[in-house]
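Subject: Structure handover

Hello,

Here is the structure I promised to pass on, with my notes on what turned up in it below.

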Amino acid sequence: MNYRKEIDGLRALAVLPVILFHAGFETFSGGFVGVDVFFVISGYLITTIILAELEQGKFSIVNFYERRARRILPALFFVISVCIPFAWLWLLPSDMQNFSQSLIAVSLFASNIFFWRESGYFDAAAELSPLLHTWSLAVEEQYYVLFPLFLMMFWKLGRRWILMALALVFIVSIGVAQWASYSEPNAGFYLLPTRGWELLMGAFAAFHLSKADPEAFGKGWSEFAGWSGVALILFAVFAYNKATPFPGFYALVPTLGTVLVILFATQKTTVGKFVGNKAFVAVGLISYSAYLWHQPLFAFARQRSLLEPSEAIFLLLAALSLLMAYFSWRFIESPFRKKAVVNRRQVFLFAFVGTFSLIALGLFGHMTEGKLVHRKDSSFMVDLDDRVKVNHGLSEACEGDYNTLPNCSTSENPEVLLWGDSYAMHLVQGLVASKPDVGLIQKTVSTCGPFLGIAPINAEYVRSWSEKCIAINDKVYEYLKGTSGIKYVVLSSPFVQFVSDDAMVLTRDGKVAKGKDLAAESMKQTVRKIKDLGKVPVIFSPTPQNGQDVGGCLKKAAFFRDESRVCDFSYSESLARQSNVWNFLKEMDGHVSVVNLADYLCRDNTCRASVDGVFIYRDVGHLSREGSAYLGQKMNFYQLLVESGGAAK
């Protein structure tokens, strides 16, 4: 196929936003759509090559996979090989085990499935995964297992029937993607069935251009359509964010924009000359290596730093990813693409040995649970992992789901009910430490705050989840109505998902409204209903937070023998960040007692991440188990409940 500068320019428009998005620059809040641009480009280029060879009667599936191996594997295996020693040096056992598992997934081109099962793409934990970005490679390779075989098998039926079949697949795929972006956003983001339509958009462009003259549309129309395509891509890069439902119909904006550039931008148009300028083309040539390098650099920087690195550091790392991309393109990618340098037998042998080696290493890391030989004392590292382990409350089995509420309690006749989400779960150790024989029952579901009649709704909290959350809280209230032994009802949540400026909630009657307008009244109603049952409601505030992973900071400070006081943070910064939450809690004054954890944790404008060697936090805001027990004992959680009951009288 003829070389087109515009395609390499498009690659630059794809990779740079992705890099800057992963670096955390808020201006590029929709930079993740660069991957969608890559999908369309890939679909166009590969389909163009396959169609040309089918037309000439010389398409070979072996040749096809040889080209894919030459293109994908050398740089991928090299980058992974560089990552391994840094992972061995810097990752704790749980992270090392996760990295080892990802080695297996990447080697089998199943990392999209692996990361889908592990976490959401936009979760903070995902930023720490050096190989997270390989999910898109997995989607492409899964697609290219099926697509060339389909074309080869049905080529004799003619283009019309092939295009009709592909159009049907396209419609189903984008329909599923639209549904998944609201109902199953993680699966929708990572998996081939909801991404295949994007590659097919590129394929359709290839089918069209294989028979049409790209300059036949006229210069005026080509300019308009081409610049419109660039505008659509840039609009998505700057206007979209993590809350945008994706990859449903919203993904049509960057993908359609890419198709317009492919169809209408030529070197005879100003848009073609803009997209195909020397700077963009230079970045486009190394875009694959740049894409491979940026995430490991960012992830290891985050892993090694106690706190989130500064924007200046990320900017330097972004530049470094381009520099390293040039060298890997020059000395790894380019030689492997030349058959005179590396023949077919060597390519497939390299692919087999590399894949087998990474799988073997991954299995070893998995089976040893990340506790590899010659690392720091494994018992010390396991202890660090354990200290910041997820706090489910009484036990992991006590965290309810959206359909059931387990009866987890310390007594057959409990006197304290814990109601809320994970911020209620993390109070368990504190209540038990303050009164070891406390009768406690846990009625908690992760992310479902203790509000009667409303629940958050957005891209993360989809309508079906919101409806279940409302129903779950109704079940908790029905339980309260049916029991006489409960004296105290502890309500807790981060509350931000209800009261932030952009928070939206679903009401019991199916309406969507601003959370700030309804949260306070809903909580007051919840409190009144609890009081009407003769029980004492008490709200426990969330911990003070500054947006940093404080628990991760403490863990890394211990691991790298650094000073843990670095993890402390400014109380005024916390007040500013959580201002809507504190204003909401102030509005509860006179209606219900509020226990403010900041009263103990923050002194002289400093909030302590650890006290007396105890890790208070396990992540951004949750209490660790030891931190909960420590606070519960020092603040005497149970006595605070008793005093709240006296005040209520």
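A disulfide, as the word is used here, is a pair of cysteine sulfur atoms within 2.5 Å. Before the findings, a word on the ground rules. You are looking at a predicted model, so local features need pLDDT of at least 70 and side-chain atom pairs count only at pLDDT 80 or more, while totals for chains, interfaces and linings use all residues. Residues are numbered from 1 along each chain as its sequence is written, and side-chain values use heavy atoms, with hydrogens and water left out.

Disulfides

How many disulfides does a search of the whole structure find? There are three. As a reminder, a disulfide is a covalent bond between the sulfur atoms of two cysteines.

Let me begin with Cys602 and Cys607, whose sulfur atoms are 2.0 Å apart. The torsion about their S-S bond is about 100°, so this disulfide is right-handed. Both ends can be checked for burial (buried means under 20% relative accessible area, exposed over 50%, and partly exposed in between, with a 1.4 Å probe and protein chains only). Cys602 counts as buried at 9% relative accessibility, and Cys607 counts as buried at 0%.

Another disulfide is formed by Cys448 and Cys469, with 2.0 Å between the sulfur atoms. The link of Cys448 and Cys469 is right-handed, with 100° about the S-S bond. This pair links distant parts of the chain, 21 residues apart: Cys448 is in the loop between strand S4 (440–445) and strand S5 (454–456), and Cys469 is in helix H20 (residues 463–481). For the element names, helices (H or I, at least four residues) and strands (E, at least two) are DSSP runs, numbered from the N terminus. Cys448 is buried at a relative accessible area of 2%, and Cys469 is buried at 0%.

The remaining disulfide joins Cys553 to Cys567, S to S 2.0 Å. Is it left-handed or right-handed? The torsion about the S-S bond of Cys553 and Cys567 is about -85°, so the disulfide is left-handed. Here too the pair links distant parts of the chain, with Cys553 in helix H23 and Cys567 in the loop between H23 and strand S10 (569–570), 14 residues apart. Cys553 is buried, with a relative accessible area of 0%, and Cys567 counts as buried at 1% relative accessibility.

Helix H23

Nine of its 10 residues are buried, so H23 is largely enclosed by the rest of the structure. Those buried residues include Cys553, Leu554, Lys555, Lys556 and Phe559. After the helix comes Arg561, whose phi is positive, near 60°.

Strand S4

Why is S4 largely enclosed by the rest of the structure? Because six of its six residues are buried. Both faces are covered: Leu440, Gln442 and Thr444 are buried on one side, and Ile441, Lys443 and Val445 are buried on the other. In general, the side chains of a regular strand alternate between the two faces of the sheet.

S4 also has strand partners (two strands pair if DSSP finds at least two bridges between them). Strand S2 (residues 408–409) is joined to S4 by two bridges and runs antiparallel to it. Strand S3 (residues 416–420) is joined to S4 by five bridges and runs parallel to it. Gln442 in S4 is the bridge partner of Cys408, and Gln442 is also the bridge partner of Leu418.

Cores and contacts

A nonpolar core is a set of buried Ala, Val, Leu, Ile, Met, Phe, Trp, Tyr and Cys residues joined through side-chain atoms within 4.5 Å. The largest such core has 116 residues, of which Leu10, Leu76, Phe99 and Trp135 touch the most other members. Apart from it lies another core of 45 residues, among them Val416, Ala609, Val614 and Leu623.

Contact means heavy atoms within 4.5 Å. Leaving out residues up to four places away in sequence, Phe99 touches Cys83, Ile84, Ala87, Leu91, Pro130 and Leu131. Of these, Cys83 counts as buried at 2% relative accessibility.

Finally, Phe298 lies in helix H14 (residues 287–304) and counts as buried at 0% relative accessibility. Apart from neighbours within four places in sequence, Phe298 is in contact with Ile19, His22, Ala23, Phe314, Leu317 and Ala318. Phe298 and Leu128 are 170 residues apart in sequence and 8.0 Å apart in space, C-alpha to C-alpha.

Happy exploring, and best wishes
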